[in-house]
Amino acid sequence: MAYSREALIEAVAAQMPDKRWKHTLGVMETSVKLAERYGADPVKAETAAILHDVAKYWPVERMREIIEREGLSPELLHYDKQLWHAEVGAFVAEREYEITDSEILGAIRYHTSGREGMTLLEKVVCLADYMEPGRDFPGVDSIRKLAKTSLEEALVAGFDSTISLLLQKRQIIFPLTVLARNDLVRILEDTK
Ligand SMILES: [Fe+2]
Ligand SMILES: [Fe+2]
């Protein structure tokens, strides 16, 4: 990796307000713990966590331009802007921070939406983003509890909370999140 861990941390922290950086530190810590608990690579998990929100505070127009110019999932432009930073973040991680590992890039790309057939590392980082110590939303404690015994159960609870919030607010649901949730429910049913 071209950037040392410290250089990466410094470069990413400079792109966001302190509050969001604090969230990133929480995601790093939680990703490493979950990786160790569930047999994912903790170094990859931490690297993905450092970078996962790198584009979160970029101007919307800058993200739109990258999505259009680079042909990154153009359908994203028809969905909530909150989803864009994940895809743009993966692009930036590869292009600017020279991350070549496809697992790390996937964990950044799908950390908000999830997807069908999530890898172990994608599950770890996505769940860490839901439950890092700074998160406080109804249901977060039960997600943390489930995470002690099942990555999949905890993630389903996370996606369910996102989907029900969107339903309550009559907002559009990104299809990948529904696919991710259904896929995990199926996996859990099959292992019963
Ligand atoms: Fe994010
Ligand atoms: Fe995040």
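Good morning. Asp53 forms a bridge between the iron ion (ligand 2) and the iron ion (ligand 1), and the two ions are 3.4 Å apart. His23 is in helix H2 and Asp53 in the loop between H3 and helix H4 (60–70), so this pair ties together parts that are 30 residues apart in sequence. Helices here are DSSP runs of H or I with at least four residues, and strands are runs of E with at least two, numbered from the N terminus.

Before I continue, a note on conventions. This is a predicted model, in which local features need pLDDT of at least 70 and side-chain atom pairs count only at pLDDT 80 or more, while totals for chains, interfaces and linings use all residues. Residues are numbered from 1 along each chain as its sequence is written, chains are lettered from A and ligands numbered from 1 in the order in which they are written, and side-chain values use heavy atoms, with hydrogens and water left out.

Let me take the iron sites in turn. Which residues coordinate the iron ion (ligand 2)? They are His23 and His52, each through NE2, together with Asp53 and Asp129 through OD, at 2.2 to 2.3 Å. Donors are N, O and S atoms within 2.8 Å of the metal (3.2 Å for Na, K and Ca), and because water is not among the atoms, sites may look incomplete. Along the chain, the donors of the iron ion (ligand 2) follow the spacing H-x28-H-D-x75-D.

The angles among the four donor atoms of the iron ion (ligand 2) run from 82 to 175 degrees, and the site is irregular. For that term, four donors count as tetrahedral if all angles lie between 85 and 135 degrees; four count as square planar and six as octahedral if opposite donors are over 155 degrees apart and all others between 65 and 115; anything else is irregular.

Buried means under 20% relative accessible area, exposed over 50%, and partly exposed in between, with a 1.4 Å probe and protein chains only.

I turn now to the aromatic residues. Tyr79 and Phe174 are edge-to-face, at 4.9 Å centre to centre and with 75 degrees between the planes. Rings of Phe, Tyr and Trp (its six-membered ring) pair if their centres lie within 6.5 Å; planes under 30 degrees apart count as stacked, over 60 as edge-to-face and the rest as tilted. Because Tyr79 is in the loop between H4 and H5 and Phe174 in the loop between H9 and H10, the pair ties together parts that are 95 residues apart in sequence. Tyr79 is partly exposed at 23% relative accessible area, whereas Phe174 is buried at 9%.

Tyr130 and Phe159 are also edge-to-face, with 6.0 Å between centres and 85 degrees between the planes. Tyr130 lies in helix H7 (residues 120–131) and Phe159 in helix H9, so these two tie together parts that are 29 residues apart in sequence. Tyr130 is buried, with a relative accessible area of 11%, and Phe159 is buried at 0%.

Next, helix H1. In H1 (residues 5–13), Leu8, Ile9 and Val12 are buried. They cover an arc of only 100 degrees around the axis, which puts them on the same side of H1; the arc is that of the directions from the helix axis to the C-beta atoms. Helix H2 (18–38) and helix H3 (42–51) are among the elements that cover these buried residues.

Leu51 sits in helix H3 and is buried at 0% relative accessibility. Leaving aside residues up to four places away in sequence, Leu51 touches Leu8, Val12, Ala93, Tyr97, Ile99 and Ile108, where contact means heavy atoms within 4.5 Å.

Finally, two backbone details. Most residues other than glycine have a negative phi. Glu98 has a phi near 55 degrees, a positive value, and lies in the loop between helix H5 (84–95) and helix H6 (102–109). Arg170 likewise has a positive phi of about 55 degrees, and its place is in the loop between helix H9 (151–168) and helix H10 (175–190). Glu98 is partly exposed at 43% relative accessibility, and Arg170 is exposed at 79%. Thank you.
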